[in-house]
Amino acid sequence: MQLVIVESPAKAKTIEKYLGKDFKVLASYGHVRDLPPKDGSVRPDEDFAMDWETYRDKQGRVKDIADLAKKADRLILATDPDREGEAISWHVKELLAKKKALPKEVERVTFNAITKQAVTDAMKAPRDLDTDLIDAYLARRALDYLFGFTLSPVLWRKLPGAKSAGRVQSVALRLICDREHEIEIFRPQEYWQVLARLEHDGTEFDARLVRFDGEKLERLSLGEQGIAMRAKAAVEAGRFAVEEVETRPLKRNPAPPFTTSTLQQEAARKLGYSASHTMRLAQTLYEAGAITYMRTDGVQMDGSAISAARKAIADRYDGHYLPEKPRIYQTKAKNAQEAHEAIRPTDFGVDHAGSGDEAKLYSLIFKRAMASQMAAASLERTTITLREPTGRHELRATGTVVKFPGFLAMYEEGRDQKGEEDEDEGLLPVMHKGDAPAKKGVEATQHFTQPPPRYSEASLVKKLEELGIGRPSTYASTIQVLRDRAYVRMEKNRFFAEESGRLLTAFLERFFPRYVAYDFTAGMEEELDDVSGGRAEWKKVLEAFWRDFKPKSDEVMERKPSEVTEELDTFLSDYLFPERADGHDPRWCPRCAEEGRANGRLSLRGGKYGAFVACANYPECKFTRRFAQPGGNGDEGTDDVSMGKDPETGLEVFRKTGRFGPYIQLGEGKEAKRASIPKDLDDFDLEWALKLLALPRTVGDHPDSGKPITASIGRYGPYLAHDGKYAKLSSTRDVIEVGMNAAVTLLAEAANRGPGARGGTKAEPMKTLGAHPTSGGEIKVMPGRYGPYVTDGTTNATIPKAIKPEEITEEQAIRLIDERAAKGPAKKKGRKAPAKKTPAKKTGAKKASAKKKAEA
């Protein structure tokens, strides 16, 4: 027997179909062991010795692999073709050797796509484990461990409220915080544009004033209304005629097929997917054999794939859409893993795969890969210059026409921001020198320069890749950690730096500037890539890092928390205490001034729940201000904004900011009703404010008990309540939108998960799907004690948290049941033997015992 090890059961099931009866394929379910999350797992003083610990939930799986390995003649490690895949294979081999279960013949095979051809070809070309890739894995894992486990204790002791720091995570956070700072210090500048609406041969078009009084206009030339109105009057009075018509052909070439990074960016732009969701979907498509491996930096395609793409283009379009020669793309990234192909379909004859979000992502991958081999688009840009007789004023109109769509017929790459060239993409009438188009109107519009936009997931991933920070395959998890730690929040698909994130970044910039520097982190990535390429020794890379990092962290650990706060107070003074419009000292205390106290100066203080600004005259002066509220006048009245009036009571609704964040208040006084503003609402307005102030909301009466079900927001988030029982809701919107059916289901699920959920009546299915294609049993979605699951009457499979039970499809349910069945039946714990009965004590002993108890 030949034992094949892969990561996932879906991959195992697909591969086993392609191999003969002599092969048995088992899944490791990802990594089987890791560094224990405690001090001493990496020991720099012992030549960077590392301790490994098998995951508790993988111990049974490792035993299954070991049991079969003892019977096998050959072990084939067929995990993914990247560094992490190599590491999983290495861990499995090491564990089997430790258990003395390693077959004599151990080989490594890799394939870029899970197709019969790719798998069978890989089996004919086995190799040994790549020690350079394994060394690169060890270096990265040790480096991240040493950074996190050395720095995090410093944060816990010196920076209240901080949770953790990571090598790449902290630099990504700094990017977001730096952008926030750029927006804060940005001062908008006024400018005006003068636009003439013209018409010629029945076609209307716009022309912009580009020269006024003989001077060429830059963006900010018309800086105030007075000069703009003079320019407008000049255009209205002038008789403009065509002076020059310039027509210039343009060519646009297609973008290369997707890499991990560009797939994440484009899925965010076009589909609104997060990086982590995109990678989950891509993993599913890869394991189903629909696409090639999804963790890659390469843009090249295999020769046979290029031929298949060209054939598909020829079948779908006429000959003009196929270039004479195939397009060959080269990867430009310095640290790219050239070994892997770009992400592409495994079969260009299949333009649809998967369902739901998977199908949308596949369509994106298919179109991008096809378009990459299509002809360039031919465009024509026309620029028309118009002047009045004096030649002192000039208008310009620009338009772009697509003469031949080429690859645009299949796919056009998205953009994060629209530029001025997008405004020029319109149709212009055919005009010649001397033509005088009719003037339909002239308008002068006021504009203000805009600050740089906050990062979206797409633009953050793009920036990280441009700077060479981290690896594209880890961006999804890096971004997720920042959100989980509440260092950032998302509003309208943009990252906003939270108070805790800004304070952490300031701390690291002040005390560990080298380790959050963009060039240092990028340089470290290059060193780690040198290890994977066999150009550097991994322990020397770690030694160079540790030699400087450990003394620095020890030095900061020796400082008192008050010293750290003082340093941050100075470091952040420009941010916390900006120049005041009233001319007072930026650190001036308004309360001390009101109450007649002298020397009231504000400074940064550290508290149990984080940093805040307070007065030096404490405790006499109890003025406080939130850290992320620079220049404010304290809690009282800060950011008090009237949102409107409650139509029922006629009372004013205010948006306020307190010590613990923003909230809303109905009316005035101590008895006024208040509600916190949840962070997951992107479009908070008066309508939402009134809904929150009206909570708890009655959903309706429970069909069984007749008692009301209510929805509200509590200390631990949104929830449902009914007759003393509770169920968690996933978002604030659910509090307002959840209906009776969903509420009853959620309460039933919560009851089944509770400690008293044994026995009783049989649970009703939440949803019924079709018959299972193999077992023939009806597939049902059921509420379970440990969460919802699907069953065909024979096999039960837990529904992942990422899938809502009410939205699961029949295809997803079949896959979950098949994956669970592939693992084999769950092992039951053997019952303990009944305890032996103790021999009866003598009567005298009983009496003595009773007497002792009485005395006691």
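Guide: The lining of the second largest cavity draws at least two residues from each of α18 (561-571), β18 (602-607) and β19 (610-615). Helices (H or I, at least four residues) and strands (E, at least two) are DSSP runs, numbered from the N terminus. This is a predicted model, in which local features need pLDDT of at least 70 and side-chain atom pairs count only at pLDDT 80 or more, while totals for chains, interfaces and linings use all residues. Residues are numbered from 1 along each chain as its sequence is written, and side-chain values use heavy atoms, leaving out hydrogens and water.

Visitor: What makes a space a cavity?

Guide: On a 1 Å grid over the protein atoms alone, a cavity is a set of points where a 1.4 Å probe fits but cannot get out, and its lining residues have an atom within 4 Å of a point. By this rule there are four cavities of 30 Å³ or more. The second largest cavity holds about 70 Å³, a volume being the space filled by probe spheres set on the grid points.

Visitor: Which residues line the second largest cavity, and how are they classed?

Guide: Among them are Lys158, Leu503, Val564, Leu604 and Gly606. Ala, Val, Leu, Ile, Met, Phe, Trp, Tyr, Cys and Pro count as nonpolar, Asp, Glu, Lys and Arg as charged, and the others, Gly among them, as polar. By that scheme the lining has seven nonpolar, three polar and one charged residues. Helix α18 gives the largest share, three residues.

Visitor: Why is phenylalanine 48 called buried?

Guide: Buried means under 20% relative accessible area, exposed over 50%, and partly exposed in between (1.4 Å probe, protein chains only). Phenylalanine 48 has 6%, so it counts as buried. Its place is the loop between β4 (42-43) and β5 (49-50), and its phi is positive, about 55 degrees, although it is not a glycine.

Visitor: Why is aspartate 213 called partly exposed?

Guide: Its relative accessible area is 38%, and therefore aspartate 213 is partly exposed.

Visitor: Why does lysine 71 count as exposed, and tyrosine 18 as partly exposed?

Guide: Lysine 71, in helix α2 (residues 59-71), has 63% relative accessibility and so counts as exposed. Tyrosine 18, in helix α1 (residues 9-18), has 24%, so it counts as partly exposed. Leaving aside neighbours within four places in sequence, tyrosine 18 is in contact (heavy atoms within 4.5 Å) with residues including Ile114, Lys116 and Val119.

Visitor: How do you know that β29 and β30 pair?

Guide: Two strands pair if DSSP finds at least two bridges between them. Strands β29 (residues 767-771) and β30 (residues 778-782) have three bridges, in the antiparallel sense.

Notes
On a 1 Å grid over the protein atoms alone, a cavity is a set of points where a 1.4 Å probe fits but cannot get out, and a pocket is an open set with protein on both sides within 12 Å along at least five of seven lines; lining residues have an atom within 4 Å of a point.
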